[in-house]
Amino acid sequence: MIEIICNEENSDKSKQVTRGAAIRRPKNIKQIGDVSSDKKIYIEDYAFTYINSIAYNNPSDSQAGVLLGENQTDGDEKCVFIKGIIKAKLGTEVEEKGVYFNENVWNGIYSDVEKYFPDLSVVGWFAAIPEVTPERMMKLKKIHLDNFAGAMKTFYLIDTVEKEENFYLYENGELKKQKGYVCFYERNYEMQEYMLERRERSSCEDGQDKVMKSIRKIIKEKEEIHEQKKSARFMYGVSAFMVVVILVIGINLMNNYQKMKKFDKSISSLMVQMSGNDNATEENIVPVNRLEGGVYPTEAETESESASVSAASTENVTVTLPQQTEEQTVAATVSEVKVYTVKAGDTIMGICKKYYGDTSKCNEVISYNNIKDGNVLYIGQQIKLP
């Protein structure tokens, strides 16, 4: 049974063995067989393809090599990740001895590991044999125990005659065939470089291996999808950032607007206080026309104006004075100060005309009330009449 599964992984390289941490699984994988065991084998696509190209390009020859990668453990679950392959240089002795590992073979392997895969360690080995007999299987078991001892050292065996490929792990004194494994896809530049250097590229990309072409197509599609997702995430991040910036700018503008309004009100209040009336506002200013040079009009010139506003002014008097003689008015002025509340249309001349009978006391009233500008009165302003 073959099943496609996607998992998330941080693809950065780390230590060869990771204990007590979550296993970093590849994100693009193809499951082959049953992998429900707590011991799992993962092999990278380029490495997997290279082994099979070695085996089936020369099916009558015995081939061998080492598997490179890393082991990861999380509790009871143990995983081996195969990311590199080194083909062993067996020489002419392979025809007589079959597959073998001696000092010369290991020297060649370690030289290639240091050159092409310096960050990986040996996690197992492989062998491709024309026919796997019980006798040959016993010899392979001895090679495994002599050279690849360890619970998670894996063995990949290819029978080029029967065309069977299986992974093995050493358990309970035997090489136990595993029910399944996982092939994963990632950018494996080290493996590609090794394949090119060993002049094996033609056997992998000549179009004769349909499975190889299919796998390469899947890798390319996965990489394109990954790039599209990265671009989409980038654009989403930029859009979210711009929204935040706009919101911050809007909030700052609103705060500045409120501050400007408060500042404007403060300036207006200060101007009112400087004019001598704390309760007045700009809307309450009543302009009063006067002659050029600051001289008020004569009684005859203002008689018509006083008559027109006398009716309105009468309603604005806080304390109404009864008609009395000039002597009584002077006496009342000395004994009691009257207060007049300014209404719309009032002027200093009109007020003086009303209460004094003429405009001769305009300057006196202005001085008595500390009015800085006799042309400006405020609605609601209190005018004291001496």
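Colleague: In which strand is the place of Gln63?

Modeller: This is a predicted model, in which local features need pLDDT of at least 70, side-chain atom pairs count only at pLDDT 80 or more, and totals for chains, interfaces and linings use all residues. Residues are numbered from 1 along each chain as its sequence is written, and side-chain values use heavy atoms, with hydrogens and water left out. Helices (H or I, at least four residues) and strands (E, at least two) are DSSP runs numbered from the N terminus, and Gln63 has its place in strand S5, residues 63-74. The protein has 11 helices and 15 strands.

Colleague: Is Gln63 buried or exposed, and which residues does Gln63 touch?

Modeller: Buried means under 20% relative accessible area, exposed over 50%, and partly exposed in between, with a 1.4 Å probe and protein chains only. Gln63 is buried, its relative accessible area being 8%. A contact means heavy atoms within 4.5 Å; leaving aside residues up to four places away in sequence, Gln63 touches Ile54, Asn58, Lys87, Val99, Phe126, Ala127 and Ala128. With Lys87 there is also a side-chain polar contact of 3.4 Å, a term for a pair of N or O atoms within 3.5 Å where, within protein, one must be able to donate a hydrogen and the other to accept it, and where residues adjacent in sequence count only if both atoms are side-chain atoms.

Colleague: How many residues does the largest nonpolar core have?

Modeller: In soluble globular proteins, nonpolar side chains tend to be buried together. A nonpolar core is a set of buried Ala, Val, Leu, Ile, Met, Phe, Trp, Tyr and Cys residues joined through side-chain atoms within 4.5 Å. Here the largest has 53 residues, and those with the most contacts inside it are Leu67, Ile82, Ile85, Phe101, Ile109, Trp125 and Met191. Helix H1 (residues 45-57) gives the largest share of this core, seven residues. Apart from this core lies another, of 15 residues, including Ile348, Met349, Ile351 and Leu385. Of the 386 residues of the protein, 39% count as buried.

Colleague: What is the value of phi for Lys163, and where does Lys163 lie?

Modeller: Most residues other than glycine have a negative phi. Lys163, however, has a phi near 55°, a positive value in a residue other than glycine, and lies in the loop between strand S8 (154-159) and strand S9 (164-171). Lys163 is exposed, with a relative accessible area of 59%, and its C-alpha atom is separated by 8.8 Å from that of Tyr56, 107 residues apart along the chain. Asn370 also has a positive phi, near 55°; this residue lies in the loop between helix H11 (362-368) and strand S14 (376-378) and is exposed at 64% relative accessible area.
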